[in-house]
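Please consult the sequence and model shown here.

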Amino acid sequence: MAGKIPQNFIDDLLNRTDIVDVINQRVPLKKAGREYQACCPFHTEKTPSFTVSPAKQFYHCFGCGAHGTAIGFLMDYDRLSFPEAIEELAAMQGLEIPSEIAFEQGPDHRPIYEMLEKVAAWYRQQLREHPEAKRATDYLQQRGLSAEIAATFQLGFAPPGWDNVLRRFGPDQRSRKILSDAGLINQTDDRTYDRLRDRIIFPIRDGRGRVIGFGGRLLGEGNPAQGSASAATGRKQGTAPKYLNSPETPVFHKGRELYGLYEARQAHRQFEQILVVEGYMDVVALAQFDIRNAVATLGTATTAEHLNKLYRASNEVVFCFDGDRAGRAAAWKALQTALPLMKDGRQARFLFLPEGEDPDTLVRKIGTQAFLEEIRHAQPLSEFLFARLESETDMDSIDGRARLAELARPLLGQLPQGTFRAMMEQALEQRIGVAVDIPPPASPEAPPRPARKAQAQTPGTMPPMRRAVALLLQYPEMATTPLPEGWDEIRLPGTDVLHDLHQRICAQPQTNSAALVEATEDPRLRGHLARLAVADLAVQDDAAEQFCGILQRLIEQQRAEKRRELLKNASPSSMSEEEKQRLRELYRGS
């Protein structure tokens, strides 16, 4: 990683994040008093012992000892690195990660990102200023897009001509190499030319908001006079593709990225659901009608990486496809991809549009509320799966029902173990009249990293200094209340940690337990603090009273040790007046 993530950014991120929301999107939680509970996702159990505290912004499993902050949960549950977990939380909160931070572990791709940003800004400028841009703006206006939505999605215009980008941004060999690496130019044996020409430009952004590629919608018919690819590629005139994406590059991978997800996250901190549509214009047109939770794949079928990214943002994904044969085939492929990912709490539904309609045309025809109603009535995965299989069998015959069982077995076998799988097996049994032996998942997910079980320590056996640190961690607001005089002069083992926590809380009074733990640089100490942050302190409503009482006892303990030290080194008769005065002060203070 080039550069260190500023601690104040991590603190701000954790203070904005609600760990309950983060975990509930992945593990359904139930309210239990002031906290939330679930069966632990890190070990097998039947009785819930996994607890999430909104006050502490911490999770803790009393069964296996797993514990941590929202960052730690993402690292263990989603198997993300620390930078990736920061990036995920920042995207959820709509925060920009400081520009000096580069997360790439391998080659430095900053020159590519910088070039893509410069070209994206130039495309936007061309949409406003180029003489040929009126055709693009007329098209966007015909599709009902406002200037505000065009600005939100940073739409641009690639003018006609072979080498506009090449001439402006590739004056030397190094810059041409960057343009090529970024997928902005094509090279043949006898020519180098712009990849996107005479097209409306849709910048594609990653979770951090960086431009990583472009999609282009062709204007005109793509003849050579307009600078189309036909002459260079050997295509016949008029056959340039209507939509063209950036190729695979070091920073752009179609099977991982989703158009519109960054913009959707800017509009919504939390998603009730995410709508997957087929094209850029569908995403943008729905946003124009205030439907801001749509994303599109980039010329590929929905992949498992796409779905994992979507399910990290919402527990429900709705696929929107044409109702024709091709649309239903694409939906079936998406269903098969989704099956191994359908953990309990996740949902997938399918919305099939009337023939000849796409989301763009349909929302303009029926309006926002009616379109949202269509989404609400989308077909659940379970219904779509059984309806598709039953259409291939004769359900009125024994042979047909046996055929249904054979078709369903491998599909249901892909589902993860859990309630949803059990209910799907029950639904199959109801349809055919007998129980079916479903094979276990072929490739079960590897379990998360094992967590070390916390050592049990009852409140009454915890040493005073450790208990004081635990109380301050769990109730940081106590730092702003009056504390016993002389507490800051305590110099016993552990007081450096206590003083550091107190200073950090006073500097940032709105901080919480999670931010205090994550701000601790020493990994060993951070582990100790994490365990203290979830320790059972048996506190009712007297945390401040307990804390002050412990400090007072520690003050007295230190004074007693100093008295013993003075008396050990000299008898009262042999003490100097200064030493006698010090001894009297120590007795008066006790």
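The sections below cover the basis of the model, the chain as a whole and selected salt bridges.

## Basis of the model

The model is predicted; local features need pLDDT of at least 70, side-chain atom pairs count only at pLDDT 80 or more, and totals for chains, interfaces and linings use all residues. Residues are numbered from 1 along each chain as its sequence is written, and side-chain values use heavy atoms, with hydrogens and water left out.

## The chain as a whole

The protein chain contains 25 helices and 16 strands (DSSP runs numbered from the N terminus: helices are H or I, at least four residues; strands are E, at least two). Of its 590 residues, 50% are buried (under 20% relative accessible area, 1.4 Å probe, protein chains only).

## Salt bridges

The whole structure holds 22 salt bridges (a side-chain nitrogen of Lys or Arg within 4 Å of a carboxyl oxygen of Asp or Glu). Glu-263 pairs with Arg-205, with 2.9 Å between the closest N and O atoms. Because Glu-263 lies in helix 11 (residues 261-267) and Arg-205 in strand 9 (residues 199-205), this pair ties together parts 58 residues apart in sequence. Both Glu-263 and Arg-205 are buried.

A salt bridge also joins Glu-316 to Arg-349, the closest N and O atoms being 2.5 Å apart. Glu-316 belongs to strand 14 (residues 316-322) and Arg-349 to strand 15 (residues 347-353), 33 residues apart; Glu-316 and Arg-349 are both buried.

## A salt-bridge network

Salt bridges link Arg-26, Glu-88, Arg-265 and Arg-312 in a network.
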